[in-house]
Structure formats: C-alpha cells, structure tokens
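Please open the structure in your viewer and keep the selection tool at hand. The tour below goes from one selection to the next and says what is found at each stop.

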Amino acid sequence: MTPPGPTGRAADDGPGRGRFIVFEGPEGSGKSLQIERLSRRLSERGAAHVTTREPGGTAAAEAIREVILERPELRLDGTAELLLFSASRRMHVEEIIRPALERGDVVLCDRFELSTRVYQGCARGVPAETIRRVTSAATGGLLPDLYVVLDVPVEVGLERGEADGEPRDRIEREARAFMERVRAGYLELAARDERIETVDGVGTPDEVERKVGSLVAHRFPSRFG
Ligand code: Z5A
C-alpha cells in the first residue's frame, strides 16, 4: 500500500498533485549529485520541478545557514540548532515548497525534517517530542511523499568530503562518534517508517543513479515510470 502524501492522499494518486521527494544521508553520501541527475531526467521529460536544499532556499534561510554552519566560533547547543534549522525550514516551506506542490511540481529537496530528527535528535540528544512540536510549528504538518536515504559508511563519506576540497563546516567538524550516531540514526528511523527508503550509496554515481531511478519509478510511476 502506498503511504499517504502531504495532504493525506495516496503517494501517487495522479498527475495533478505535486510530489515532495527529499534526499537524506550522512555527509558525502552523494545527495546533491543524485538530485542533479534526477533533475536532469525530469527536465528531459519536460516535467515541472524545483530543486532546493536545507538549510537554505530563501534569503532568510540562507542567512540562517551561515549562522549555523559557517560560524564555528558561536556556541549553539542541540536545542538552539533545532530552533535555527526550524526557522529556516518555516520560510522554506512557506515560500518555496508549498507553492511548488500547489502548482503540481515535483520538489527535490536536499535534507528536510528527517535531518533534524537524526542530527539534533539521535546525535545531539534533543528529545523526540521537543523536535516533533517545533517541527510541526515550522512545517504546518507538511511531510514528504518519500525520503530517499543514501546510506554510506562513515569513512566513505569522509573520504568523499576530503576529496572535494571544501572547508569543513561546524557540523562536519564533529568527531567520528557523532558521524556514527548519524548513520545509525538514519537506519533506525528508516526501519520504523515506510515513507523512508534506504538506498545503498556505495558504488559509482551511475550505479547509485540506477537504484534511485528504479525506486522513484516504482513509487511514482506517473512521474518517473
Ligand atoms: N543539518 C542538521 O544538523 N539539521 C538539519 O535539520 C539540517 C541540516 C537540515 C548541511 O550541510 C549540514 O546541516 C549537514 C547536516 C546539518 N551537516 N553535515 N554533515 P551541507 O548542506 O553543507 O552539506 P551536506 O548536506 O552534508 O552535503 P555534502 O557533504 O556536500 O554531501 P552530499 O550532498 O550528500 O554529497 P555530494 O555533494 O553529492 O557528494 C560529495 C562528494 O562526493 C562530491 O565530490 C561528489 O562528486 C562525490 N560523490 C558523490 N557521489 C559519489 C559516488 N557514488 N562515488 C564517488 N564519489 C561520489
């Protein structure tokens, strides 16, 4: 049975309604690359879609991103991070995601509230109920139709991150044990929620693309079949 979509309907109930697909995973799991490839595939089919990311997507959210990620000298505990990511999410949902879904577009988003449950919840220890309440205020209850979690061992993600030569942000500077809690958190939450699908992110970009392609074609045949 297909899970309910953001409005409570089945996930693939016809071409008129937008689809909200979120890519998740630890650092270096290949989300951005796979979103780019799926976006190219939708463009070739002439399918209206939006690609976006969290934290970010609006001017306010990009400013909040800078505070959270690019200012490692600022002390922020897990609850402060939750509130900042949620403020960014609020404007992202209101200005970008909900309008696109109402137009009937596919939204491909790099991270959403599952990142908060994993990074601030499983890895930093903020209680799940606190996260649930704050997130619900930020999103108005909007949930993705599908989460695609790209799973890679911590060392694979770190190697890819080192190879791309980008400076490490505040969260990427965390210790190895933190990264292990992140990976375990994704796997644990995926096991309990049918909206979350895990895809093995190890392999060449083409191999991962094929796995993602067959997953979305199965879930959303009217858009990707
Ligand atoms: N965060 C949070 O704590 N709470 C929240 O609620 C939210 C976020 C929303 C955002 O960082 C940080 O915020 C993130 C979680 C936290 N911190 N961490 N970790 P970001 O947006 O700056 O970065 P990221 O989301 O972690 O992305 P990333 O590290 O850039 O990874 P990616 O998008 O998954 O991977 P990629 O850019 O597609 O690929 C990384 C490199 O690997 C690149 O050079 C690729 O060419 C290469 N690559 C990709 N796929 C492959 C394969 N299959 N083989 C070989 N090489 C590959």
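Begin by selecting Gly125, which follows helix 4 and has a positive phi, near 90 degrees; helices here are DSSP runs of H or I with at least four residues, strands are runs of E with at least two, and both are numbered from the N terminus. This is a predicted model, in which local features need pLDDT of at least 70 and side-chain atom pairs count only at pLDDT 80 or more, while totals for chains, interfaces and linings use all residues. Residues are numbered from 1 along each chain as its sequence is written, and side-chain values use heavy atoms, with hydrogens and water left out.

Next, select helix 4 itself, residues 113-123, where nine of the eleven residues are buried, so that the helix is largely enclosed by the rest of the structure; buried means under 20% relative accessible area, exposed over 50%, and partly exposed in between, with a 1.4 Å probe and protein chains only. Among the buried residues of helix 4 are Leu114, Val118, Tyr119 and Ala123.

Now keep helix 3 and helix 4, whose axes come within 11 Å and cross at roughly 175 degrees; axes are lines fitted to C-alpha atoms, for helices over the stretch in contact, and angles run from 0 to 180 degrees between N-to-C directions. The two helices, helix 3 and helix 4, are therefore roughly antiparallel to each other (under 35 degrees counts as roughly parallel, over 145 as roughly antiparallel, 65 to 115 as roughly perpendicular and the rest as oblique). Their contact, meaning heavy atoms within 4.5 Å, is made by Gly78, Glu81, Leu82, Phe85 and Arg89 of helix 3 and Glu113, Thr116 and Gln120 of helix 4.

Then select helix 1 (residues 31-44) and helix 8 (residues 205-219), whose axes come within 10 Å and cross at roughly 60 degrees, which makes helix 1 oblique to helix 8. On the helix 1 side, the contact includes Leu33, Arg37 and Arg41, and on the helix 8 side it includes Pro205, Glu209 and Val216.

Finally, show the whole chain, which has nine helices and five strands. Its C-alpha trace spans about 45 × 40 × 35 Å along the principal axes, and of its 225 residues 48% count as buried.
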